Amino acid sequence: MHDDLTFVEQVQRDLQDVRWPGPEEIRAQARRRSQRKIVAATAVLALAGVAGVAVAAPRNSSSPALPVASASPTRHEITTDALLQPTDLPQQVDVRLTDSGLGEPVQLDYELDYCRTSQGRSDGRKMSILSRSQTLMHKQSPSVATQSKGVLTQDLFRMVPEAATQLFAELDELVEPCTEWRSVGQVKTPAGIRTMEAVHRWAVVQRGFAGDDAAILRDSLTAPRDVQTGQPLADDPSPMLLAVVRVGDTVSVLRPGAGGTEAELVQLAVAAAARMCAAANPPC
């Protein structure tokens, strides 16, 4: 019986907390992507150099002087100022890990991607130009032998403006094949290898509450059930939530830790939209 309880507890943890890699894994990802940071910085400098050449181009001396445009310069880099800050969260944050990337796909959720591709569809991802990501965590008590627990992950992307708006226009179409999707696989249990199934029900549940556009996606999933006996391994877990926010040409994906509510996620999305003004084109 003890082994059964331990296994059920493990399944519940896996279902509700799968998004949170440990600090060492995140740092390893950061090291693998360090070359992308260098390329990104080079691209920004190249853009600045092109702009400088355009300004310095000679004009015909007989041509009248043209007025200097007063429009704000286009922003390229995404700094950490454009991300949510630890003080924006209601929970205590002890650890903040950040990363950056260049030309990466905008992933909303791995399970949503897998739902689509397992049915022979594309994952539906759009491409970004630049990105900045962070994971916010709080530490466990030293007496608890577990990894730091995730509070929030945030990915902030700069996109071609048309792609950013199209992402929101296609959200309903994106989740439609996954409104009731059965995931089947084999799981090792104390009784041996069993074939299990779980049902994912994806939906867009709120829209237009922050920034230029915003949405909350919810996956109401069931606990895995033994296909042969029909018996569940645990109670149904809490729904998985994520928020997507757009401000100008920037799009942010927010994934809260286990136990967060939709109301709390809406508040974080509003705060995220305000922070994104530091990077968005056109400026807020």
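## Briefing on the predicted model

Trp-181 has a relative accessible area of 8% and is therefore buried, where buried stands for under 20% relative accessible area, exposed for over 50%, and partly exposed for what lies in between (1.4 Å probe, protein chains only). This is a predicted model, in which local features need pLDDT of at least 70 and side-chain atom pairs count only at pLDDT 80 or more, while totals for chains, interfaces and linings use all residues. Residues are numbered from 1 along each chain as its sequence is written, and side-chain values use heavy atoms, with hydrogens and water left out.

**Overall picture and confidence**

- The protein contains 7 helices and 11 strands; helices (H or I, at least four residues) and strands (E, at least two) are DSSP runs, numbered from the N terminus.
- Of the 284 residues in the protein, 39% are buried.
- The protein exposes about 15600 Å², and carbon and sulfur atoms supply 53% of this area, as computed by the Shrake-Rupley method with a 1.4 Å probe, where for residues only the protein chains shown count as cover.
- Among the contacts in the protein with a separation of 6 or more, 68% come from residues 24 or more positions apart, a contact being heavy atoms within 4.5 Å.
- The average pLDDT of the protein is 79, and 71% of the residues score at least 70; pLDDT is the predictor's confidence in each residue, from 0 to 100.
- Residues 15–20 have a pLDDT below 50, and this stretch makes 25 contacts in the model beyond near neighbours in sequence.
- Residues 30–70 also have a pLDDT below 50, with 16 contacts in the model beyond near neighbours in sequence.
- Where pLDDT is low, the predicted coordinates should not be read in detail.

**The aromatic pair**

- A search of the whole structure finds 1 aromatic pair, where rings of Phe, Tyr and Trp (its six-membered ring) pair if their centres lie within 6.5 Å, and planes under 30 degrees apart count as stacked, over 60 as edge-to-face and the rest as tilted.
- Because Tyr-114 lies in helix α4 and Trp-181 in strand β6, the pair ties together parts that are 67 residues apart in sequence.
- Tyr-114 has a relative accessibility of 40%, so this residue counts as partly exposed.

**The disulfides**

- The structure holds 2 disulfides, a disulfide being a pair of cysteine sulfur atoms within 2.5 Å.
- One of them is formed by Cys-115 and Cys-178, whose sulfur atoms are 2.0 Å apart.
- The torsion about the S-S bond of Cys-115 and Cys-178 is about -115°, which means that the disulfide is left-handed.
- Both Cys-115 and Cys-178 are buried.
- A disulfide also joins Cys-277 to Cys-284, with 2.0 Å from S to S, and this link is left-handed, with -85° about the S-S bond.
- Cys-277 counts as partly exposed because its relative accessibility is 23%, whereas Cys-284 has a relative accessible area of 62% and is therefore exposed.
- When the bonded cysteines of the protein are numbered in sequence order, the pairing reads 1-2, 3-4.

**Strands and their partners**

- Strand β1 (residues 95–102) and β4 run antiparallel and are joined by 8 bridges; two strands pair if DSSP finds at least two bridges between them.
- Leu-97 has Thr-135 as its bridge partner in β4.
- Strand β4 (residues 130–138) is mostly covered, with 8 of its 9 residues buried.
- β10 and β11 pair in the antiparallel sense over 5 bridges, and the bridge partner of Ala-243 in β11 is Leu-254.
- β10 and β11 form a hairpin with 2 residues between them, and Gly-248 in the turn has a positive phi of about 60°.
- In strand β11 (residues 250–256), 7 of its 7 residues are buried.
- Both faces of β11 are covered, with Thr-250, Ser-252, Leu-254 and Pro-256 buried on one side and Val-251, Val-253 and Arg-255 buried on the other.
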